[in-house]
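Me: Could you walk me through the aromatic residues here and explain the labels you use?

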Amino acid sequence: MSVDALVLDFDGLILDTETPIFEEWRATFRARGHELGIETWQHALGTFGAYDPCAHLSELTDEPFDHDVLRQEVRERNLRRCEAQPLLPGVAERVQEGRAAGLKTAVASSSGSAWVEGWLERHGVRTLFDAVCTRDDVARVKPAPDLFLLAAIRLGVAPAACVVFEDSPNGIRAARAAGMRCVAIPNGVTRTLPMDGADLVLTSLAERPLSEILAALERRTCPDAGRG
């Protein structure tokens with residue numbers, strides 16, 4: 001198994017921006033007498049434009065309200081919470097190990113460039129990545145493979161030589177569609193969702209060093225590896 005590059009999702013994988021936004025929308029629904037479950041919210045994870053909470057809430061309440069104002073209120077509360085979030089455990093260490101081993105590194109996210117680049121700079125890890133691909137760069141976001149394929153092009157490596165790190169079903173589907181191996185690392189929001197299609201599932205990037213992750217991945221994808 002040849003690995004030339006690591007490609008990481010951003011939201012929920014590098015920084016847990018997914019828990020705050022889900023909890024803020026859930027609180028907004030509850031304030032209006034309705035529940036927002038993960039089975040509904042999962043359609044918003046790892047992608048963009050697949051689920052509109054304002055439209056859903058409007059259907060449930062059958063009451064008029066200013067969607068733009070509500071979105072801005074939730075956005076501001078979410079931003080304040082995201083500002084208090086640290087990098088998720090093991091992220092910087094695993095990427096640094098990859099670069100030390102000569103691997104290329106990239107971020108591929110369905111979020112916008114300003115959002116992703118801003119947080120990477122804020123946490124001092126932008127220089128750890130050779131490329132950053134966002135929804136501003138492609139026609140289709142996850143679960144389409146476009147973001148991951150673009151990352152491979154920008155890194156100058158074959159898709160089959162990339163290992164993707166993802167936290168959501170949509171991201172896993174995109175990685176598989178791109179012909180890349182995928183390590184799933186569910187977060188607090190996605191932990192209850194099926195990680196079908198992932199080659200390996202870990203509880204955290206801090207669980208083990210990159211060398212052990214890649215060795216475990218090789219055993220999963222090449223079960224006869226090491227047999228003589």
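Reply: Happy to! Buried means under 20% relative accessible area, exposed means over 50%, and partly exposed lies in between (1.4 Å probe, protein chains only). This is a predicted model, in which local features need pLDDT of at least 70, side-chain atom pairs count only at pLDDT 80 or more, and totals for chains, interfaces and linings use all residues. Residues are numbered from 1 along each chain as its sequence is written, and side-chain values use heavy atoms, with hydrogens and water left out.

Me: Why is W41 called buried?

Reply: Its relative accessible area is 6%, which is under 20%, so W41 counts as buried. F22 is buried too, because its value is 8%.

Me: What makes F22 and W41 an aromatic pair, and why is it called tilted?

Reply: Rings of Phe, Tyr and Trp (its six-membered ring) pair if their centres lie within 6.5 Å; planes under 30 degrees apart are stacked, over 60 edge-to-face, and the rest tilted. F22 and W41 are 5.9 Å centre to centre with 40° between the planes, so they form a tilted pair.

Me: Which helices does this pair tie together?

Reply: F22 sits in helix α1 (residues 18–31) and W41 in helix α2 (residues 38–41), so the pair links parts 19 residues apart in sequence. Helices here are DSSP runs (H or I, at least four residues), numbered from the N terminus.

Me: Why are W115 and W119 called edge-to-face?

Reply: Their ring centres are 5.4 Å apart and their planes meet at 80°, so the pair is edge-to-face. W115 is partly exposed at 27%, whereas W119 is buried at 6%.

Conventions: Helices (H or I, at least four residues) and strands (E, at least two) are DSSP runs, numbered from the N terminus.
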